[in-house]
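Biologist: Please take a close look at a single residue. Then go on to the chain and the pair of chains that hold it.

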Protein chains: 2
Amino acid sequence: MIIDCHGHFTTAPDLHVLWRETQKAASARGGDTDPPYPQISDDLIREAIEPNQLRLIQERGIDLTLFSPRASAMAPHVGDLAVNIAWSRRCNDLIRRVVALYPAHFAGICQLPQSTGASLDAAITELDRCVNELGFVGCNLNPDPSGGRYDSPPLHDRYWYPLYEKMVDLDVPAMIHVSGSCNPGVHATGAYYLSADTIAFMQLLQGDVFRDFPALRLIIPHGGGAVPYHWGRFRGLADMLNRPPLAQHLMRNVYFDTCVYHQEGVDLLLAVIDTSNILFGSEMIGAVRGIDPTTGRYFDDTRHYIEQSRLSDAAKQDIFEGNARRVFPRLRLVS
Amino acid sequence: MIIDCHGHFTTAPDLHVLWRETQKAASARGGDTDPPYPQISDDLIREAIEPNQLRLIQERGIDLTLFSPRASAMAPHVGDLAVNIAWSRRCNDLIRRVVALYPAHFAGICQLPQSTGASLDAAITELDRCVNELGFVGCNLNPDPSGGRYDSPPLHDRYWYPLYEKMVDLDVPAMIHVSGSCNPGVHATGAYYLSADTIAFMQLLQGDVFRDFPALRLIIPHGGGAVPYHWGRFRGLADMLNRPPLAQHLMRNVYFDTCVYHQEGVDLLLAVIDTSNILFGSEMIGAVRGIDPTTGRYFDDTRHYIEQSRLSDAAKQDIFEGNARRVFPRLRLVS
């Protein structure tokens, strides 16, 4: 079985996207932060999923995708916490409908309502709702709800601890994932995402989150940003900053996905990072949707890179399925 | 011959560092931005260099280091442009003294006086002085003088064009290098540098700088940040954004150094990036000063990784010397 830990609903129905525009306009006028939500038929959801994600995962032989709202549309810098609460609930409810229609193919990952400077109480409440009422198996945590200012406390700060505590209680991991970039000089999928991944790892390196939460599990997407390529730098920095070796300090709790879109990059990831810390992911339909002219395959068909690697079959199976089942134990309840 | 394209004077004499503190204090009070500079004897400079950079480059068999002021101390966010002009001149004059004492071992790379929102006239003037009067062979260009806000125009913006024009006139390249991070959540050498490298590449990808300046040469340090590891992503993004293939669009003009501190990372760089776009660099004594317990060698002894790679001897020699002589043609005037 192959579980893709990183998929977003990038093709959500227009009615859902239009509702968001209505919400933004209304809340900007000081009006309702949760205006009436349109009727979206099951057929509209099928039309959004079947020719897109479902077609591709079937073509590529993926069994199950851990599916969350579109990352670039989370946009927690838009509006206040109330706006984010309503938007997150609408997005998560829509994911729930996808999962209900295709329970064999999708499991739910929720967006959390966050807002720079706000308490995490609303995120905790929504996480609880999504896990306990909607059957979701994980969440996306935005380390920088500002969209590029990095003005929230670093991930090792106690600001995040109530959320970490809730995640441990519910036995769900988080993928650390920013949303769109508010800075026109910092391209979202070509710069901001990779930077945020690298910054997240370094913040964790500087702190003691996993001493305090030994059962917490965090996934850094996009192959860990720059981290595996600079693994020597990070090992050396841990040493210079008097942190324990990374294997003990972070790598019992941190996972990287395989959203690296060429063979050499995936080979590096597999060579440097222990197999047990790698989860299969593709993030399709996402940042890079074209076909690589040097291979004739989709850039984001990451299954192929892993198949072509030198790993043993057992190691490949850990990356494709076994590790995801350890990191997302609630998958046993849904698939 | 082995030329290290990336060295900073991280061990500058205390008197120089103290002058900077005096300058900052004076200018913060509205006083002199260029207070009297102390007498620093040649012996003090020798004491700063000989047990440090000179010892290590001799131990490692490096012949020539392209040497610039300490990157983290450039701090162009401190004070206004006048403060930066005075600080840059003092720093560059000090580099000139190192080069004068050890002309066989060091060639000068200048710091440019920049300030967010200010014109680049002062940078152009200082670049001219450093090249034409001090015999320098290149410069460091800071794409984010704010220290982390990324609020300067992107590198493809015409804001930078007068400086690019001057660089082409003088036939000198720039290394794109930020300074210290002003954000306590974004560690300088573990997060900000690598992010800035990645952002710089993506900014260049989005623009047409090299269509307009076909002779311009820019070096992205730290092995290109996250770029070679995510080479497929960048190739795919160029395609999605209707940019030409990277080989034509950027890779006639962009170079990566080898400041990647483990064998697997350097091997990836050498496998993915054409040899002609790679310059030997170590950035010692810099971000990572310890010894890798897995190899018994300094993390930043990057010569060793290249020696151990599968490249041909001719390709290694290009990386060690030939490419640097092409990118820094003024080296022929000084060594």
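Modeller: B:Arg90 is partly exposed, with a relative accessible area of 22%. Buried means under 20% relative accessible area, exposed means over 50%, and partly exposed is in between, with a 1.4 Å probe and protein chains only. The model is predicted, so local features need pLDDT of at least 70 and side-chain atom pairs count only at pLDDT 80 or more, while totals for chains, interfaces and linings use all residues. Residues are numbered from 1 along each chain as its sequence is written, chains are lettered from A and ligands numbered from 1 in the order in which they are written, and side-chain values use heavy atoms, without hydrogens and water.

B:Arg90 belongs to helix α3 of chain B, residues 81-101. Helices (H or I, at least four residues) and strands (E, at least two) are DSSP runs, numbered from the N terminus. Not counting residues up to four places away in sequence, B:Arg90 touches B:His16, B:Trp19, B:Asp34, B:Pro35 and B:Tyr37. A contact here is heavy atoms within 4.5 Å. Take B:His16 as one of these partners: B:His16 and B:Arg90 are 74 residues apart in sequence, but their C-alpha atoms are 8.3 Å apart in space.

Another helix of chain B is α5, residues 161-170, whose buried residues are B:Tyr161, B:Leu163, B:Tyr164, B:Lys166, B:Met167 and B:Leu170. Those buried residues pack against α4 (121-133), β4 (138-141), β5 (174-176), α7 (209-212) and β6 (218-220) of chain B. After α5(B) comes B:Asp171, which has a positive phi, near 60°.

Now the other chain. Chain A can be laid on chain B with an RMSD of 0.0 Å by a turn of 180° and a shift of 0.0 Å along the axis. That is the relation of a two-fold axis. The same surface serves both copies, as 100% of the contact residues of chain A recur in chain B. The superposition is by least squares on the C-alpha atoms of residues with pLDDT of at least 70 in both copies.

Chain A has 13 helices and eight strands. Its radius of gyration is 19 Å, close to the 20 Å that the globule rule gives for 335 residues, so chain A is as compact as a globular protein of that length. The radius is taken over C-alpha atoms, and the rule is 2.2 Å times the number of residues to the power 0.38. Of the 335 residues in chain A, 62% are buried. Among the contacts in chain A with a separation of 6 or more, 77% are between residues 24 or more positions apart.
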